[in-house]
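Subject: Structure for your review

Dear colleague,

Please find the structure below, together with its sequence. My notes on what was found in it follow.

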Amino acid sequence: MEHKILHAPLASFTDLLLDAVCMVDVEGRFVFVSAACERIFGYTQQEMIGKRMLDLVAPADRARTLAAAQAIMDGHAQTHFENRYLRKDGSLAHIMWSARWSAADQLRVAVARDITLLKQAQAKQAALYAISEAMQATQDLPALLHRIQHIIGEHLPTRSLTLLLHDEHGVQAPMTSHADDSAPQPTSSLASLLCDEVLRSGRPLRLQAGQLAGLPAALQTAACALSSCWLAVPLYSSLGSIGALALQGGQDAVIGSAQDQDLLQFVAKQLATAIERRQLQTQMQFMAMHDELTRLPNRRLFHDRLHTAFARAHRQEGRLSLLFLDLDNFKRVNDEHGHACGDLLLQTVASRLRDCMRETDTLARMGGDEFVVLLESNAAPVDVSLIEQKIHAALAAPLHLGNGQQLQIAVSIGVAHYPEDGDTTQQLLRHADRAMYASKVLAAASR
């Protein structure tokens, strides 16, 4: 029995192995491969015999593969050597090798294990960790996109990464990050059109020279002189489609395999989650500091800005003014026309008041029918008086209810100046409040 086992054909055992067994001669050509090679590399045994081993190695890994082969031939066995091979279909296979040199046979004998799935899982895990870390380290979306571009570049040959987002307000201007860390450049028309098409179709799309049939005419025209491959995928959040992510491959690099698309889609999913989380945080912060009905700063935000402005004016010996506004007979509007009409009136007043303000001014709703204006930039009392007149004029136009009825808007305004009317924020607020009520009493007495 022992004699029969020793003389049995080698292939009858090696073909049972899940790992591939290869033998390469001194010229670097395969002289024997086991059946597992077809599953790993895509080539049949007959197709691999006689091929140069180096021709199947990914170009970026050839130099160190040659160095490892030479070390093996010099008598240094290799274990756990990793490199990448190009499969017959053009995709990449990550291989872990154990190899030694047989001096008697003048052959390199190696066992190859396919670790592609392991590498893909590691790449996803690394990308997930890196994106999460980038979310904590970057405060704006362009910086986050730039960091993600580098994260993808560690796994795929990447020249640029373009992000296109859309929300309830429409499609935003696309942004692009370049691998060479150059100054920000405009997004190319090709990247924009590619993202638009992915956004429209909701499906991944790959661009490669000579394979443009079936694409929209504008996209074909923009891609007629392709010098690199493109791969784009949609971005989906829990709310549905929110945009597209387009990757431009490196010069002469082939991207777009199922592995590449899977990695980019995974990154896109993490990016969409990060964007959605950031948008939710922004929305929550806005809601905490703004009035839901008028979208104006609320009492909390107003007091924060008032304390900041007061400290600055005190430090610089400058000026600031407060205008307290209260709508006249607002309760009667709610009682006679309903709260929906009252809400419309408040929104209209807020809109008209905004048009009276400068960019440096703060307009806030304190609650109910009360508004307040904070004026900085050393406005003199005469300038504040002009703004007050402008407000009265803006609110003089009636509010049309849409059913043939209209409301006449009137407002009482109280003014306080720093430093004349108080040297603390509390004193200014009390002075403006009292002045507003005095104005309301005067207006009621004159009617």
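Glutamine 106 is found in the loop between β4 (92-102) and β5 (107-114); helices (H or I, at least four residues) and strands (E, at least two) are DSSP runs, numbered from the N terminus. This is a predicted model, in which local features need pLDDT of at least 70 and side-chain atom pairs count only at pLDDT 80 or more, while totals for chains, interfaces and linings use all residues. Residues are numbered from 1 along each chain as its sequence is written, and side-chain values use heavy atoms, with hydrogens and water left out.

Backbone features

The phi of glutamine 106 is near 55°, a positive value in a residue other than glycine. Because its relative accessibility is 39%, glutamine 106 counts as partly exposed (buried means under 20% relative accessible area, exposed over 50%, and partly exposed in between, with a 1.4 Å probe and protein chains only). Asparagine 329, in the loop between β12 (320-327) and α13 (330-337), also has a positive phi, near 60°. With 38% relative accessibility, asparagine 329 counts as partly exposed. The peptide bond from tyrosine 418 to proline 419 is cis, with omega near 15°, and proline 419 is found in the loop between β17 (411-418) and α16 (425-446). For context, most residues other than glycine have a negative phi, and most peptide bonds are trans.

Nonpolar cores

A nonpolar core is a set of buried Ala, Val, Leu, Ile, Met, Phe, Trp, Tyr and Cys residues joined through side-chain atoms within 4.5 Å. The largest one has 33 residues, and Leu163 and Leu271 are among those that touch the most other members. Elements giving two or more residues to this core include α8 (141-153), β6 (158-167) and α11 (258-289); the largest share, nine residues, comes from α11. Beyond its neighbours within four places in sequence, leucine 163 is in contact (heavy atoms within 4.5 Å) with residues including Leu141, Pro174, Leu235 and Ile275. A second, separate core of 29 residues includes Phe330, Leu353, Val411 and Ile413.

A helix pair

Helix α14 (residues 339-354) packs against helix α15 (residues 381-396) at an angle of about 135°, with their axes 9 Å apart. Axes here are lines fitted to C-alpha atoms, for helices over the stretch in contact, and angles run from 0 to 180 degrees between N-to-C directions. Val349, Arg352 and Leu353 in α14 meet Ile391, Ala394 and Leu395 in α15.

Yours sincerely
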